[in-house]
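Please work through each task before reading its solution.

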There are 2 protein chains.
Amino acid sequence: MASHFADRLCDAVKTKKTSLVVGLDPVYTRLPLVIRSHREMNDEFDAAAAVDAIFDFCTQTMRIIAPMIPALKINIAFFEKYLWEGLETYYSLITEADDLGLEVIGDVKRGDIGHTAELYAAAHLENPELAGLEDTLAPDAITINGYMGTDGIEPFAQMADKQGKGLFVLVRTSNPSAAAVQDFADAEGVKMYEKLADIVAEIAGKSERIGKSGYSNIGMVVAGTAPRATTALREKYDNIWFLVPGYGSQGASAADCVRFCKPDGTGALINASRSIIYAYEKPQYKAQFGDDWKRCIEQAVIDAKVDLANAMQTLL
Amino acid sequence: MASHFADRLCDAVKTKKTSLVVGLDPVYTRLPLVIRSHREMNDEFDAAAAVDAIFDFCTQTMRIIAPMIPALKINIAFFEKYLWEGLETYYSLITEADDLGLEVIGDVKRGDIGHTAELYAAAHLENPELAGLEDTLAPDAITINGYMGTDGIEPFAQMADKQGKGLFVLVRTSNPSAAAVQDFADAEGVKMYEKLADIVAEIAGKSERIGKSGYSNIGMVVAGTAPRATTALREKYDNIWFLVPGYGSQGASAADCVRFCKPDGTGALINASRSIIYAYEKPQYKAQFGDDWKRCIEQAVIDAKVDLANAMQTLL
């Protein structure tokens, strides 16, 4: 296994022949009935039962999708809802995903400065060497918030370097009100997110951070929902991996998203969460596969991969 | 107890006659030797021993300082380092602080949009009603990151409203590199943090969010280290509570910080963390109180209160 995160991503994308990443956003009440009706998991108001059901769903889902995708994104908020019970489950899933050969992105959006940032980085990027936690793995990369500038990014970047891991710094998000902050522009028309992208690119571009693949281990989160403006970042920063949310349920098309990839398919991870993991709720899959929720998820991954591949073909 | 967070803060500041807030940033290796040398807590590389020591230190510290201060800030990063073991300790400390009559601010700096933001809000502001977690309390208020704009703030604000709790949205931080992002200015010279403050003020100013005290339950984090520019926010937003970091170890003076208070002392919480909780490391207190670490912390709180009161006197 390549020891540089960006090189591992390149290998994984080339091996699995897709830039599709699946995001785990598990909500108890949307889990397949067969899991929720299990004797020990049938109480959404019991923390242990709920996290057991979520763990069961996520591990089964991962086993189906792992052979088909390069990486998995796990959204920690869906686990924090169950406090420490949920957090233990989050870390357990990282170990499971690692066993399945997936690159794991912890979608944690932490952000702070100085010593506090170092501690967040330890929690979320360092495989702990503490007795009682020694079998635990931290993710291969995490998302962070860069509003505090370089001081708020470097401590995370340094931990990522040390651990052979990576970061994705939020630059432009997919929500409607993002523009009011992130598109705030200076006298020359430079937008806040472009300025922040420059700051991230400077951190990312340090020579020791560039892998054999030519990419940095420090990347950016840029939404697929505003593609015309944001794909300019692809042109501008040759060595950046983009994590692109918004494909699927959030409304970005495959054509919007693949613009962040280079012609060889590397350079962007395109994330779909709900449109994949809740595929069994969709009439089109239900009609085909009935109650076989795993088959629905499998087909949704296949369909998304084809959709992205076709869009890529059109682009080239 | 007033049911509106801002009203509770006003009552607490008036009762305790200070705007001083103490921040708990506990690091195992800096804990008093008497705690670290305890038979069951003398191993910094054992997660359970380390969190037990931290819990012991924090509860003893809280008992000393609770009668003297209105509120306590707990920095979750120092607990996340110990993963789920640490998170359980974090929530246990909130219950202890609540029992001592303190308003508790969870310094969690979360930030996301939509459903994810709702889940973070549930984890960090809602007292859980889940079996297995039902005796757990969430803090009275949390810090959040507002880079995603209104969509990233409203879900937290709505949970705060529902629970009689509050928020402090990061507006201007104290670190050297904050300026490159937060002072990014438009053609009229309006800075990013001023624009974000306007967005927060609009959310905060909704009539249902204003308590009897005239303050909103939605506040801002503005560093005491850049006082000339930032105290303009005090003039501009009459109904905002500011959480002001930077006093003490980070170099902001009492005079810098009290400018965020109104003449009656309300309107700002001035936070000191390391300068208080590690007072027993300082020669001045060691010389006076020897190994009595609790007496050192007590005196540091008294001294900080006097320092702030004198600065306030000078200002009026």
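**Exercise 1: strand pairing**

B:Leu167 has B:Ile218 in β6(B) as its bridge partner. The model is predicted: local features need pLDDT of at least 70 and side-chain atom pairs pLDDT 80 or more, while totals for chains, interfaces and linings use all residues. Residues are numbered from 1 along each chain as its sequence is written, and chains are lettered from A and ligands numbered from 1 in the order in which they are written.

Solution. Step 1: strands are DSSP E runs of at least two residues, and helices are H or I runs of at least four, numbered from the N terminus. Step 2: strands pair when DSSP finds at least two bridges between them; β5 (residues 166–172) and β6 (residues 218–222) of chain B run parallel and are joined by 5 bridges. Step 3: 8 strands of chain B close into a barrel, in the order β1-β2-β3-β4-β5-β6-β7-β8, with parallel pairing.

**Exercise 2: interface**

Task: describe the side of chain A that touches chain B.

Solution. Step 1: with contact meaning C-beta atoms, placed from the backbone, within 7 Å, 56 residues of chain A are in contact with 55 residues of chain B. Step 2: the elements of chain A giving two or more residues to this side include α3 (47–65) and α9 (192–204).

**Exercise 3: contacts of one residue**

Terms used. Contact = placed C-beta atoms within 7 Å.
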